[in-house]
Amino acid sequence: MAAIPFVKASACGNDFLIIDGMHAPADLMAFTRRICERHNGVGADGVEWLFPAQDADIRARLMNADGSEAEISGNGTRCVAAYLCSENPRERISIRTGAGVKTCSLTSHRGTEFEFEIAMGEPQVGDEFPIRVAFGEVRGIPVSMGNPHFVVFVDEFAPGWQGDAAEIGKHHDFKHGINVELVRVRDKENVEAKFYERGVGETQSSGTGSCASAVASIFAKKAESPVRVHAPGGLKTVRWEDQVFLRGPAQLICRGEFLI
């Protein structure tokens, strides 16, 4: 019986499996769907497959729970950094993602819990525009953090918001789909966010989604840097200076073997 070793980690409830690419099966998409399934698999929002890199400490290839590939996850990148720190303690880790090389700086560490600040790069922000969906017109701000986001400001989070976000994410204006953030501004320093991600659905947290939420709030003059982003899974802090910096926790949960 063959087995593939994995480590499971979580960043504010956004959970990932970390697997050495040497164990990658031929059908990566199908295997990722199987191992991420929460009843008959290990269960996760995605898999970070690790490969050697010439220009970084490691290359992380992110596959979503549905088997689709994504450019980057801010939370997943912190989980990879936590795993690498646990194997070989260090203060800075460079990780090549589909959105470029990201540098993670360790800010605290206790046991299996780590906190990093990641230099996420310069965002691309567009003007707010409307889209027409079945439940009405929705206005949002497009933000790219190396992956696409559509940030919608709300006064309250309506029951069944997940269905609305799913429809927004599949709108024909977004040819490759889009990550959707619903954001409620508390004050100039604090926002609440809910996330509906491509290839996953509702998540407890999102690193790039938190960056997009903060950037859109600052761009719309609803908040000022730094912004604390409150999500169901926990708190992250986003600074927007010459580039965006994301600070938040990552925790190693367990390690094991998946039988195939």
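Leaving aside its neighbours within four places in sequence, which residues is Lys102 in contact with?

Modeller: This is a predicted model, in which local features need pLDDT of at least 70 and side-chain atom pairs count only at pLDDT 80 or more, while totals for chains, interfaces and linings use all residues. Residues are numbered from 1 along each chain as its sequence is written, and side-chain values use heavy atoms, with hydrogens and water left out.

Once its neighbours within four places in sequence are set aside, Lys102 is in contact with Ile72, Ile93, Ser94, Ile95, Thr97, Ile118, Ala119, Met120 and Gly121, where contact means heavy atoms within 4.5 Å. Lys102 has its place in strand S7; strands here are DSSP runs (E, at least two residues) and helices are DSSP runs (H or I, at least four residues), both numbered from the N terminus. Lys102 is buried and yet has no salt bridge, and the nearest side chain of opposite charge, that of Glu122, is 11 Å away. Buried here means under 20% relative accessible area, exposed means over 50%, and partly exposed is in between (1.4 Å probe, protein chains only). A salt bridge requires a side-chain nitrogen of Lys or Arg within 4 Å of a carboxyl oxygen of Asp or Glu, and for charge Lys and Arg count as positive and Asp and Glu as negative, with His and the chain ends not counted. What the side chain of Lys102 does reach is the backbone oxygen of Ala99, at 3.4 Å.

Strand S6, residues 92–97, and strand S7, residues 100–110, pair in the antiparallel sense over six bridges, pairing being taken to need at least two bridges found by DSSP between the strands. A hairpin with two residues joins S6 to S7, and Arg96 stands opposite Val101 of S7. S7 also pairs in the antiparallel sense with strand S8, residues 113–121, over seven bridges; Leu106 stands opposite Phe116 of S8, and the bridge partner of Ser105 in S8 is Glu117. The hairpin of S7 and S8 has two residues between the strands as well, and there Gly111 takes a positive phi near 65 degrees. As for side chains in such an arrangement, those of a regular strand alternate between the two faces of the sheet.

S8 has seven of its nine residues buried, so this strand is largely enclosed by the rest of the structure. S8 and S18 run antiparallel and are joined by eight bridges, with Val244 of S18 as the bridge partner of Gly121; Gly121 is also one of the residues in contact with Lys102.

In contrast to buried Lys102, which lacks a salt bridge, the structure as a whole holds 17 of them. One joins the side chains of Arg110 and Glu113 (3.8 Å, N to O); Arg110 is exposed, with a relative accessible area of 66%, whereas Glu113 is partly exposed, at 37%. Another joins Asp57 and Arg90 (4.0 Å, N to O). Asp57 lies in the loop between strands S3 (46–51) and S4 (58–64) and Arg90 in the loop between helix H2 (74–87) and S6, so this pair ties together parts that are 33 residues apart in sequence. Both ends count as partly exposed, Asp57 with a relative accessibility of 39% and Arg90 with a relative accessible area of 23%. Arg255 counts as exposed, at 58% relative accessibility.

In H1, residues 28–36, Leu28, Phe31, Thr32, Ile35 and Cys36 are buried. Seen down the axis of H1, the buried residues fall within an arc of 120 degrees, so they line one face of the helix, the arc being that of the directions from the helix axis to the C-beta atoms. The buried residues of H1 pack against S1 (3–11), S2 (14–20), S3, S4 and S18.

Conventions. A polar contact is a pair of N or O atoms within 3.5 Å; within protein, one must be able to donate a hydrogen and the other to accept it, and residues adjacent in sequence count only if both atoms are side-chain atoms.
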